[in-house]
Amino acid sequence: MTTESRPEPPGGSPHRTAPTPVVPVPPRVAPSPDAFRGVRPTPLSTPSSPTLGRAPVVGAPPSRRTTSASLVLATAGALAAVAAVAAFAATALVGQTAFPPDGDRPAVLLDDRTVAPPAFALVSRAWSDDDGDGLRGGTEAPLAGVVAHLETADAQPARHLDGSAVAATTTGSDGTAVFDDVAAGVYRVRWTLPVGHTPTTAVVVPGHALADSDAEPVGDEAGSGTGTAEGLSGPVALTESAGLDAPDPRDGVSADRLLRGVDVGAVPAAEVLVAAQG
């Protein structure tokens with residue numbers, strides 16, 4: 001019997017295989033981003049996590065895994081941006097610069113009231129102007145008993161840093177009156193001379209600020225000897241912008257800046273009368 005004449009096996013025979021139907025496979029389409037709205041992203045594994053390097057979940061489409069990772073990265077980036085904005089706003093509210101300590105920009109003080117304001121001192125001298133020229137000569141002696149007042153433009157006492165009034169001071173044998181721990185301001189010095197004296201001529205000589213008299217006569221200007229005479233200086237600035245000197249230890253003051261050269265010369269009233277009559 002030849003192959004061409006071999007009969008086909010009967011239906012239902014175990015040697016006959018039914019043809020397998022062909023089912024068309026639809027093409028894979030990437031899901032829309034809207035399909036994953038509301039889906040909580042899977043947290044990323046830390047280096048210590050045993051799941052690091054684990055193969056992706058079987059059955060999850062690659063496009064879905066990619067979209068989830070993108071959502072996680074986007075969420076982490078947004079949180080980092082919000083944290084950076086919050087940190088910058090916090091530093092701006094307290095007035096501190098948001099720069100590292102070793103940066104090029106200086107730090108800003110949080111509260112400038114923590115820096116104490118400067119204190120000022122004034123040293124005034126009185127002397128007996130024997131020749132009445134308004135300049136202190138080398139042989140002219142200091143004058144004791146002159147009462148010096150430091151006052152404002154409206155004749156109110158100057159103030160210390162604690163707000164208390166600056167008291168008047170009387171010159172001793174060295175003819176010096178010192179005002180210490182004075183608050184910043186513009187003041188005048190008023191001198192009350194001993195009985196029988198009157199202020200000498202007030203002069204301004206360049207280069208002789210420590211030797212000229214700064215008192216203009218007020219009060220008992222007649223110099224009759226029956227009352228006291230007063231002298232008043234011009235405005236005196238005790239401020240940081242005035243360019244004052246640092247005090248010398250021999251001045252015995254605690255102030256940060258000191259002014260010298262606001263002085264008064266006085267002559268006996270009898271000499272004034274003789275000069276006027278002569």
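Predicted model: local features only at pLDDT ≥ 70, side-chain atom pairs only at ≥ 80, totals over all residues.
Residues are numbered from 1 along each chain as its sequence is written. Local features need pLDDT of at least 70 and side-chain atom pairs pLDDT 80 or more, while totals for chains, interfaces and linings use all residues; side-chain values use heavy atoms, without hydrogens or water.

The protein chain has two helices and 11 strands, taken as DSSP runs numbered from the N terminus (helices H or I, at least four residues; strands E, at least two). Of its 278 residues, 25% count as buried, meaning under 20% relative accessible area with a 1.4 Å probe, protein chains only.

The largest nonpolar core has 25 residues; such a core is a set of buried Ala, Val, Leu, Ile, Met, Phe, Trp, Tyr and Cys residues joined through side-chain atoms within 4.5 Å.

A second, separate core of six residues includes Ala-121 and Val-253. Leu-122, among the residues with the most contacts inside the largest core, touches Leu-150, Phe-179 and Leu-238, among others (contact: heavy atoms within 4.5 Å).

Thr-171 lies in the loop between strand S3 (169-170) and strand S4 (176-182). Thr-171 is buried, with a relative accessible area of 6%. Its side chain reaches the backbone oxygen of Leu-143 at 3.0 Å. Beyond neighbours within four places in sequence, the contacts of Thr-171 include Ala-126, Leu-143 and Ala-177.

Conventions:
Buried < 20%, exposed > 50% of the residue type's maximum accessible area, 1.4 Å probe, protein only. Polar contact = N/O pair within 3.5 Å; in protein donor to acceptor, adjacent residues only side chain to side chain.
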